[in-house]
Each structure stands twice: as structure tokens, then as C-alpha cells.
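Let's look at a protein together, one question at a time. Take a moment with the sequence and the structure, then read on.

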Amino acid sequence: MSPWQLLVLALLLLGGCSAAPRPHQPTFVVFPGDLRSNLTDMQLAEEYLYRYGYTRVAEMNSKVSLGRALRLLQQNLALPETGELDSTTLDAMRAPRCGVPDMGGFQTFEGDLKWNHHNITYWIQNYSEDLPKQVIEDAFARAFAAWSEVTPLTFTRLRSEDVKDARDVDIVIRFGVKEHGDGYPFDGKDGLLAHAFPPGPGIQGDAHFDDDELWSLGKGVVVPTRFGNADGAACHFPFTFQGRSYTACTADGRSDGQLWCSTTADYDTDRQFGFCPSERLYTQHGNDNGKPCVFPFTFEGRSYSACTTDGRSDGYRWCATTANYDQDKLYGFCPTRADSTVTGGNSPGELCTFPFVFLGEEYTACTREGRRDGRLWCATTSNFDRDKKWGFCPDQGYSLFLVAAHEIGHALGLDHTSVPEALMYPMYRFTEDPPLHEDDVKGIQHLYGPRPKPEPRPPTTTTAEPQPTDPPAICPTGPPTVHPSERPTAGPTGPPSAGPTGPPSAGPTGPPTAGPTGPPTASPSTTSTVLLDPAEDACKVNIFDAIAEIGDHLHFFKNGRYWRLSEGRGPRVQGPFLISDTWPALPLKLDSAFEDPLTKKVFFFSGRQVWVYTGSSVLGPRRLDKLGLGPDVAEVTGALPRGGGKALLFSRQRFWRFDVKTQTVEPRSVRSVDQVFGVPLDTHDIFQYREKAYFCQDRFYWRVCFRNDNEVNQVDQVGYVNFDILQCP
Ligand SMILES: [Zn+2]
Ligand SMILES: [Zn+2]
């Protein structure tokens, strides 16, 4: 019997198994948009052998022979060389791998196979939404560093603002799906993960990553939390809560519907938690300062109780931030929910809808039912039978670091290897060990030679290369890595225009029982604010006009009144007091204030005016022009005293260094806030408190461990002004 006949027999047997399911066997369905499950094994094999170059190479040697092509494949992947489509070979063909052909290379293989210079530049052109931006940048930096450690090559990341022409960049890194512009389409979730082109100009040297994959660090979705008591740590999936296991954020145990997760494996024991990215906490971009969604809201006369993609053609989920979009036109984009956002299928990027109906049954969690490959999936509307909308549930994901390190190998000129332990082996394999095998090192040093030995003398100046391995400077307390200011890569642009189809129903609302009870990290409220009029409770103020540390107390200003935060015994929040009783020259509404620690002068800003109090004597009001701030500065939105007679004055996205003695800003000191502080755009109420800088947006603050203004200063805490600073109950 020839291998061919064996193969046909095997296929017949396999085919016979699935054609007519017996009653007690599971029912398999054809999932719309699921390319690979529709392929027979034979079709899979033919496509695979062709795509990765085996058929063409086998063809060159003799007439087309499947056996010969299979044998080549088995050689290359270090599988038993049977020349047959056996189960080991089929499994290998279904396994995730790199898209670069094993044989014959890309058709565009031209030019040099190595770089003729050693200072290589790279540019991350866009970002996957699966991971926080910094995590992606760090993964690439580490991947490049793996290669620079063993070669004389250096790698410098160019920022988008520095890239005038993509052709000036050696290695352009891009995420894309399906056909993404180079004629080598990706294939949806799994299968082909990424590909890269060998060194050279233009697209040569570039690396592309399939964004239908779930990108992670190889161990499941990375969901940074906010608030809670775990300092922004990432969710730990799975975690246990009241004896039940959770693989995604949940609202269980809460009556307010807020999604939360445990940041350790066992909430019941450790009680560490944070809140998951959620449209109930905030939205991104849009036109209403990141305010949370209002549900239900009306759009085109319909009522929506969840984020929707209706009215948009780009698939971004949005919501109104007031009850009526048609009337108010205020909206924001809903934050990515990596823990339950589906990949692949026919609605990638949407959220699982629980419960959903499949073949008449109701499902409250992801299921493997209906699939031959046993992968977990969910419906993205409440009824799969009716809508046929679905996707794969988040799994471990693929390590962006490992896949990037592999693709960079190609971008530097390496081919695939048949050593299964090597990084340049074509199949994906997760490891936490250093990625390079001696086979990889041998390969790359064959092209570029080893890393030059450091000169013996000065250990600090051996090479002047950039250090892409350095993690970003981070304050001690583990910052949350997501900012609402970060734009989605492809970037939603305009507001939703119009569009048909009905809204999916909302997810389950968890029954309130135990569990974390509120965003506050505070101890229970022994805070007895003595107030005659509860309407004037500082805790009822949503957004303060200004906040400033004056005379060791934090002051909260709102509409002619102010409260004082006392750190000693007794009532923590004192007030309200009348601004006019203490500083009679001031208007009702302030924009910002600060006290110079040296001279104890207190600067108050309102609109284009400034007042300077020294004790009870006042200078002003004067116009901002006197300070050197021209008419383009409509207001001073915040101020940070810096010691040494200096302060920083903020106006929206800009800030200046201010000399307290001369009472003028240094003319050339203007900088952009986002260059120096990792905080959202459009912050207001910028103040200093206990030597840290606070940037407020809406009811939240971003705390920055502020070292100096020559480096990006990282956020080390995000919280509620009311709950976390004022310690409101
Ligand atoms: Zn590869
Ligand atoms: Zn590509």
C-alpha cells in the first residue's frame, strides 16, 4: 500500500467519524467565519505545505509528491520521518507558528540578508489593545535586548513623533489582521502568529503581528486594576471568591455592578482586589472628559443598556455619557475588557454575552460545546442560534516577548531552524527561560560576530549604546499601567454617526452578598464631619474648583467655600468656610492655588487673574501677562511648588517653570505635560500633597512620584478624590 492509499484511507476513516454524529455524541456545528474548522485534514495539509514552502521545493526535485513534501516538513520540524500525514504531523500543522516559510523563503526575498550597519532603529507603528502600551514597548525592548546581548548590534526605538518617513526606519513593527497590506494575509486566531521580512530597505526588515491573536506575556490576559487595595496590580486569573473559581472580572459580591477581580489566587484569604477596566468607571477619548457611560442611553431613538458598536463602521464600542445621545451628543469609547473580549470568530473585539443561547441551551460561561477542537468560545449576543455571532474566549495568549524575539531573528537575517529548543524553531513554545539557544547564538554570530568585549578600563562607558532593556522608571508602589489618555491604535475618530441593528442585552447583574464593598481604600469612617448643612458636605462635591496644600493642610475650594483636611485627631474634614472670610480679595471660583514653601506666599489663580497673599496682605488681582503668560493662556489649571523658589504652572496640556521671587515664568521653559507626566490629557486641579503631585480628572486623581522634569514621571497611584483623599464614607 502506498503512502497515498494509506492517507486516503486515514482520511476516509476520519471523515466517517464526523459525518453523521450518533445521537449521544456531541453536535459539531460550522461556525461562521471559522476558516480552519471547515478544512479537511487533506486541505489543511495541502495549504500548509504550500504556504510554508514545502510543495514548491518538493516540486523542484521531482513531480509533485505529497509524501516527499511531508518528509521535508518532518525533517524540518524534527518529527518522525514517516512521509505520511500521521497524527503527529497533523498536530504540528495545527499548532501555532511563525508565518515565515520554512523552505524557499518569501517570494520577495531579495537583497542583503544582513544589515550593513550595526545601529538598528525600530518603530512600533501601532499597538495591540490586548496589552497596556508600556507592556508592549517593554516586550519589544526585551526582545531586541536578547539579540543585542550576543551581537555588536544596538537597537533604538523611534517614537512616532520622530518618524517622518517610515522608510528611514530599519524595522517597522505593526499589528494587523487578515490581509494587512503586504500580500501575506494572516489567518485569524491561532495558526499563523506573526511574520517578518529579512533585512533590507522598505518592507524588508519589518515585522508584523496578527492582532486576531490574544497577545499576553504567555500566561493569560494582563488586566491591570484601578482603585481597590492592591495598588493597581494585575488581576490574577483564575481566582477564588467564596469558594468559586473565576476566570474573568466579575460583579459578584457587589450591588453596584462594578467589575472587580482578585489580584492574588485566593480572594477569600488574601482579600486583595482592584476594579477592572469598565465603562462604569470611565470612558476613553470621546468628547466628555472620560465620564463613565450612562445606562440606559438613547441613540437614534433606541435605548441601549450596554456599550455598542452601532453607528460606527470601525467596530469600536462606545456609549453615551448622558441619558440621551441624540440630544446631548456626548459620548466616550468603552475601555477594552481583555478578560472577556473575544478573539477570532466573526465578532473579534466584542464581549462575551452571558447568558447566551446555543442550540436551545443557555450558557453562563464560555463553552467547548459544538467544536471539534475543544476550544472555549462564547456568543457575543444573547442568542447564538439567532445571531450566529461568536468568538474565542481569552486563553493563555501568546507571549508577545517570545514571538517578537523570534520575528526579530528573521528581521536580522535568520531562517528557521530544526532544533525544537531554539527560538528560531518555527513553532510557538512558551518558556520562561532566556529565549536564545546556542543554535540561535551561533546563527546570529555567523552574520554579525559576537558582542565586542568591553574595554577593561572604565566599566561605565564600555559602549555608548542605548539601553532598551531598562524598564521605565517606576515609583515604588507598582503603578497602574493604563491611562485613559492612551488612544486605541487605529484610533476611533469621529463621534458615532448612524446605523441600524439592535443592541445586545446587558450581561448579568451580580447578586449582592459579600465581597469588596466599595472603591475606598480607607478605614471605616470615624470621620464625623461636623456640618450644619449636610448639603455642604465636601463629600457631596463631585469636582472641586481647586485643591492646594496651604499651611500643612490640604484645602478644597468650591464655589466660594472651602474645606480643610486635618491630619491630626478630631474631624478630618473641617468646614465649609467662606473663602471671603479668609481671603477677602478672592473671587468665588478659583482655578488653582499654591503656597511657596519658603516665603509662605500663597498664589491664587482665577481666569486670567492672579492674587498673591502674604499672611493677610494681598497683592492683586493682576493679569497673567504680568507673569509672562500671554493671552493664549486662558487659565492656570494647576501649580506645583518645587522648592528653591520655583514652581510649575500648568495650563491644560502645557506647563512652565515659575520663579517665585521675580514672579514670572521662565520664557523658554514651556513643556508639554504628556512628555513629563504619564497622566491623562485634560487634567485639572493639579496640586502637591505630601511631596507628591496629583493630577485630577473628573472625580479621579493620578498621583505622580515626581522626581524631576527631565524624565517621564510615572503614576504610582490612581484613586478617587472623595474616597481616597477626603476619606469619604
Ligand atoms: Zn519564523
Ligand atoms: Zn505582513
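Q: Is the crossing of H2 and H5 left-handed or right-handed?
A: Helices (H or I, at least four residues) and strands (E, at least two) are DSSP runs, numbered from the N terminus. A crossing is left-handed if the near helix is turned anticlockwise from the far one by less than a right angle, and right-handed if clockwise. For H2 and H5 the crossing is left-handed.

A note before we go on: this is a predicted model, in which local features need pLDDT of at least 70 and side-chain atom pairs count only at pLDDT 80 or more, while totals for chains, interfaces and linings use all residues. Residues are numbered from 1 along each chain as its sequence is written, chains are lettered from A and ligands numbered from 1 in the order in which they are written, and side-chain values use heavy atoms, with hydrogens and water left out.

Q: At what angle do H2 and H5 pack?
A: Axes are lines fitted to C-alpha atoms, for helices over the stretch in contact, and angles run from 0 to 180 degrees between N-to-C directions. The axes of H2 and H5 are 10 Å apart. The packing angle is about 65°.

Q: How many charged residues are in the contact of H2 with H5?
A: Contact means heavy atoms within 4.5 Å. From H2, Asp41, Leu44, Ala45, Tyr48 and Leu49 meet Leu90, Ala92, Met93 and Arg94 of H5. Ala, Val, Leu, Ile, Met, Phe, Trp, Tyr, Cys and Pro count as nonpolar, Asp, Glu, Lys and Arg as charged, and the others, Gly among them, as polar. The contact therefore divides into 7 nonpolar, no polar and, for the charged ones, 2.

Q: Within what arc do the buried residues of H5 fall?
A: Buried means under 20% relative accessible area, exposed over 50%, and partly exposed in between (1.4 Å probe, protein chains only). In H5 (residues 87–94), the buried residues are Thr89, Leu90, Ala92 and Met93. They line one face of the helix, because the arc, taken from the directions from the helix axis to the C-beta atoms, is 160°.

Q: Which residue in E25 stands opposite Ala593?
A: E24 and E25 (residues 602–606) pair in the antiparallel sense over 4 bridges. Opposite Ala593 stands Phe604.

Q: What is omega for the cis peptide bond that joins Gly620 and Pro621?
A: Most residues other than glycine have a negative phi, and most peptide bonds are trans. Pro621 is found in strand E27. The cis bond between Gly620 and Pro621 has an omega of about 10°.

Q: Is Asp685 buried or exposed?
A: Asp685 is found in strand E33 (residues 684–689), and has a positive phi of about 45° although it is not a glycine. Its relative accessibility is 4%, so Asp685 counts as buried.

Key. Two strands pair if DSSP finds at least two bridges between them.
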